[in-house]
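Me: I'm new to this one. Can you walk me through it?
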Amino acid sequence: MDLVLSVADHYFFTPYVYPASWPEDNIVRQTVSLLIVTNLGAYVLYFFCATLSYYFVYDHSLMKHPQFLKNQVYREIMFTVKSLPWISIPTISLFLLELRGYSKLYDDVGDFPSGWIHLVASVVSFLFFTDMLIYWIHRGLHHRLVYKHIHKPHHVWKIPTPFASHAFHPVDGFLQSLPYHIYPFVFPLHKVVYLGLYVLVNVWTISIHDGDFRVPQVLRPFINGSAHHTDHHIYFDYNYGQYFTLWDRIGGSFKHPSSFEGKGPHSYVRKMAEGEFNSLAENGCKSEKLCNAEFAKTK
Ligand SMILES: [Zn+2]
Ligand SMILES: [Zn+2]
C-alpha cells in the first residue's frame, strides 16, 4: 500500500491537500490518507470491473430465473456501497502496519539470491495459501451459530450478478479478505506483485459471480469457477473455495457443478422459456402477435 500512498502523496495530498507542516510519515495523516485511498480504490475497482462484467460477460437471461429477486442489481449495489467503508476500517489498520514496516513486503527483486524464481514461487504460494484460508473461513461462516448473523446477506442472492461479488456484511467481507492481508506478514512478497495480486483477487471474486460458466475442459477439475460458486449460492453447503477445488475435495464439500450436467440455472431458464412457448402453442396460439413475441423471447 505504501506504493499507492507515495504516489497519492506526491501528486495530490502533499501539494494540494495537507499543510506543509504535516510530515508524510505522521501516523494520523497516514490513517486519513489510507481511508481515502482504500475507499476510493475499492469503489473504482468494484464499479469498473463489475460494470464491465455485467454488460459484456454476464448472461442477462439469468435474470428471468424465478429465484432472481426484484430490483436485485440495485440491491446488490446498495448493499456493497454501504458495506465497503465499514470493511475498510479494520483493513486500513493492517495497511498501516504494512506502511510502518511490520510486514515482509520488499522493493527489490535482488533482495533474494534467486529473486525471479522467488517472485514466481511467491505468486503460487500466495494463491494456495489464501485459497486454503478462505476455504476454512468461509466454511466457518456457514456454521449455524454464525451464518445467520454474518454470512446470510451474501446468500440472499441465489442467482448472483457481478454486483453481488462484494455484497457482504462488513465482518464477512473483512474476514474473507483477511488471508490476503496475513500473507505478507508471514511470507516475503514483492510490493508490486502484492498490488497486482490484490487487484487480481478482486477481479476473480467478480468473475465467480458473472454467470459465465465456461472453463477450459482441461482445467475443469481444478478451477473453482462461476459454475461452482453459483451452486454454492443455490445449495449452500458445497464449493466454499475461491480459486481451486482442492480444499473442497479434501474437506468433502466438492459438488460437480449442476451447470456442467445441463441442470444449472441457464438450462432452467431455457426450459422455462420453451415451456411457456409450448403451452402457448398447445393453446392454439390464440393471439398470433403474442405467440411471435414469446417465440422471439425464447430464441
Ligand atoms: Zn457462503
Ligand atoms: Zn458469492
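Me: Which helix holds Phe-185?
Reply: Phe-185 lies in helix α6, residues 170-186. Keep in mind that this is a predicted model.

Me: Is Phe-185 buried, exposed or partly exposed?
Reply: Phe-185 counts as partly exposed, because 14 C-beta neighbours lie inside 10 Å. Being buried takes 20 or more, and being exposed 12 or fewer.

Me: What does Phe-185 touch, leaving out residues up to four places away in sequence?
Reply: Phe-185 touches Ser-103 and Lys-104.

Me: Left-handed or right-handed crossing?
Reply: α3 passes α6 in a right-handed crossing.

Me: Which residues make the contact?
Reply: From α3, they are Ser-83, Trp-86, Ile-87, Pro-90, Thr-91, Leu-94 and Glu-98. From α6, they are Pro-170, Gly-173, Phe-174, Ser-177, His-181 and Pro-184.

Me: Why would residues three or four places apart point the same way?
Reply: An α-helix has 3.6 residues a turn, so residues with that spacing point the same way.

Me: Next pair. How do α2 and α7 cross?
Reply: The axes of α2 and α7 (residues 191-207) come within 10 Å and cross at roughly 40 degrees. The two helices are therefore oblique to each other. α2 passes α7 in a right-handed crossing.

Me: Which residues meet there?
Reply: On the α2 side, Leu-45, Cys-49, Ala-50 and Ser-53. On the α7 side, Val-199, Asn-202, Val-203, Ile-206 and Ser-207.

Me: Now the inside. How many residues are in the largest nonpolar core?
Reply: The largest nonpolar core has 14 residues. Tyr-46, Cys-49, Ala-50, Trp-157, Phe-163, Ala-164 and Ala-167 have the most contacts inside it.

Me: Which helices supply at least two residues each?
Reply: α2 (27-56) and α3 (72-99) do. The largest share, 4 residues, comes from α2.

Me: What is Ala-167 in contact with, leaving aside its neighbours within four places in sequence?
Reply: Ala-167 is in contact with Glu-76, Phe-79, Thr-80, His-154 and Trp-157.

Me: What other core lies apart from that largest one?
Reply: Another core of 8 residues lies apart from it, with Met-1, Leu-34, Val-37 and Leu-99 among its members.

Me: Loops now. Where is Asn-71?
Reply: Asn-71 is in the loop between α2 and α3. Its phi is positive, about 55 degrees, although Asn-71 is not a glycine. Asn-71 counts as exposed because it has 8 C-beta neighbours inside 10 Å.

Me: And Met-63, where is that found?
Reply: Met-63 is also in the loop between α2 and α3. Met-63 is partly exposed, because 15 other C-beta atoms lie within 10 Å. Met-63 and Pro-265 are 202 residues apart in sequence, yet 9.9 Å apart in space, C-alpha to C-alpha.

Me: What about Asn-239? Buried or exposed?
Reply: Asn-239 counts as buried, because it has 25 C-beta neighbours inside 10 Å. Asn-239 sits in the loop between α8 (226-235) and α9 (246-250). Its phi is positive, near 55 degrees, and it is a residue other than glycine.

Me: How many residues of α8 are buried?
Reply: In α8, 8 of 10 residues are buried, so the helix is mostly covered. Among the buried ones are His-228, His-229, His-232 and His-233. Just after α8, Phe-236 takes a positive phi of about 65 degrees.

Me: Last topic. Where does UniProt place "transmembrane region"?
Reply: The unreviewed UniProt entry places that feature at residues 32-57, 77-96 and 116-137. In the model, residues 32-57 are 96% helix, with end C-alpha atoms 36 Å apart. Residues 77-96 are 100% helix, with end C-alpha atoms 28 Å apart.

Me: Which residues does UniProt list for "domain: Fatty acid hydroxylase"?
Reply: The unreviewed entry lists residues 124-252. That span is 57% helix and 2% strand, and its end C-alpha atoms lie 24 Å apart.

Terms used. Residues numbered from 1 in each chain as written. Chains lettered and ligands numbered in written order. Predicted model: local features only at pLDDT ≥ 70, side-chain atom pairs only at ≥ 80, totals over all residues. UniProt positions renumbered as here; feature names shortened; annotations may be inferred. Core = buried A, V, L, I, M, F, W, Y, C linked by C-beta atoms within 7 Å. Contact = placed C-beta atoms within 7 Å. Axes fitted to C-alpha atoms, helices over the stretch in contact; angles between N-to-C directions. Parallel < 35°, antiparallel > 145°, perpendicular 65-115°, else oblique. Left-handed = near helix turned anticlockwise from the far one by under 90°.
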